[in-house]
Amino acid sequence: MTGCRAPRALRDALTPATTPHEQYIRGLERAGLADTALARDWRDTSIAVLTRPTPVTTPFTEELFVDPVAPRAAAYTITVRRGQRLEIQATLQSDASARVFVDVFEAGAGGAGTPRARASAPEGESRAAFEPDRDGRVIVRVQPELLRGGRLRVTSRLTATLLFPVPGVTPAALRSVFGDPRDAGQRRHEGVDIFAPRGTPVVAASEGVVTSAGESERGGRVVWLWNAARGQAQYYAHLSEQLVTPGQLVRRGDVIGRVGNTGNARTTSPHLHFGVYAGSRALDPAPFVRPLPGAAAVPAAASLERLGAWARMTSARAAVRAGPTADAPELTVLPRNTPVRVAGALDRWVRVLLPDAGEG
């Protein structure tokens, strides 16, 4: 037990696997399969793919071909803001039931450093969700288990974690952004202003308990709501009327007041000042409440019947890029008749495997 190389069973007990992906690798080790060529390739692929994720924007849908005898994984890098919720769903159409592992990693600053695991699809599921505690990039890895192949569909979307607190108005009503100077630069705006007619209902952006429903010189009639699940306080100010009392439990969407211009907003048009706080720190509320495009991702334009097939380039010069955008870095240029294998399709783009084992 005190030796430099502890037995595998003891090591597993002392350092338990924390994700279904890690548990699967431990299972291969216990079964004596971890040192087979196929298992090593599968494990190495899961690590290598994190170093070359495909940059994408959400929502997106990619259709991928997975060869059961050639271990494969896909990785994507996505920009997410605090206050947003990232959801990833993977579906494998296969002749046999199969697990698909979905893991979310926090990318290192500037792309440096080892990605840090932050969320995973639960055991037996292939859907993961992640809410970051700071703005940044995440890497999503999707990988079927060994010896399972077919058509793999990966979909992603972003949603706001809180409800827009003034129903019936468009996001264009959200003005006067977070951080704007106030009082000749003596302070900054610690929230967003949502303009609406006087008397428009104001609803709770989440479930919570009302901690205060009072009046102040700056905020006028205000309501403070505590959301214990996220450890955040919500501040609703300049109300013309408060419809809740301290200690009251409210549900997401319950009416808690009405838009007004009380306090230091009495010379401005009626609006709600909405703030979000973590402890004493003010957070930008816009990502928490601004609705995001809800439309489904554009389906692939390429024929999905060609997934997994070999093809030849017909144009005289075809650029292969690192991502599905015209401004993504150019990896190489393929001349006419270069053979490629069709590995995936996303919007108007085709993912190809190159003769030198490269990909783009």
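## H273 and its strand

H273 is buried, with a relative accessible area of 9% (buried means under 20% relative accessible area, exposed over 50%, and partly exposed in between, using a 1.4 Å probe and protein chains only). This residue lies in strand 21 (strands are DSSP runs of E with at least two residues, helices are runs of H or I with at least four, and both are numbered from the N terminus).

A word on the model: it is predicted, so local features need pLDDT of at least 70 and side-chain atom pairs count only at pLDDT 80 or more, while totals for chains, interfaces and linings use all residues. Residues are numbered from 1 along each chain as its sequence is written, and side-chain values use heavy atoms, with hydrogens and water left out.

## The chain overall

The protein chain has four helices and 27 strands. Its C-alpha trace spans about 70 × 65 × 40 Å along the principal axes, and 43% of its 360 residues count as buried. Take the contacts (heavy atoms within 4.5 Å) between residues at least 6 apart in sequence: 66% of them join residues at least 24 apart.

The largest nonpolar core holds 27 residues, and Y236, I256 and F274 touch the most other members. A core here is a set of buried Ala, Val, Leu, Ile, Met, Phe, Trp, Tyr and Cys residues joined through side-chain atoms within 4.5 Å. Among the elements that each supply at least two residues are strand 17 (220-227), strand 18 (232-242), strand 21 (271-278) and helix 4 (286-289). A second, separate core has 26 residues, including V56, F130, V142 and L152.

Setting aside residues up to four places away in sequence, F274 touches L162, P165, G191, V192, A205, Q234, Y235, Y236, P285 and V289.

## Helix 2 against helix 3

Helix 2 (residues 20-30) and helix 3 (residues 37-48) pack at an angle of about 160°, with axes 12 Å apart. That makes the pair roughly antiparallel (the cut-off is over 145 degrees; under 35 is roughly parallel, 65 to 115 roughly perpendicular and the rest oblique). Axes are lines fitted to C-alpha atoms, for helices over the stretch in contact, and angles run from 0 to 180 degrees between N-to-C directions.

On the helix 2 side the contact uses H21, Y24, I25 and L28, and on the helix 3 side A39, W42, R43 and S46. Among the buried residues of helix 2 are P20, R26 and E29. After helix 2 comes G32, with a positive phi near 75°.

Most residues other than glycine have a negative phi, and most peptide bonds are trans. H238, in strand 18, has a positive phi of about 70° although it is not a glycine, and this residue is buried, with a relative accessible area of 7%. A357 also has a positive phi, near 75°, but A357 is exposed at 71% relative accessible area and sits in the segment after strand 27 (349-353).

T58 and P59 are joined by a cis peptide bond, with omega about -5°. P59 lies in the loop between strand 1 (54-55) and strand 2 (60-66).
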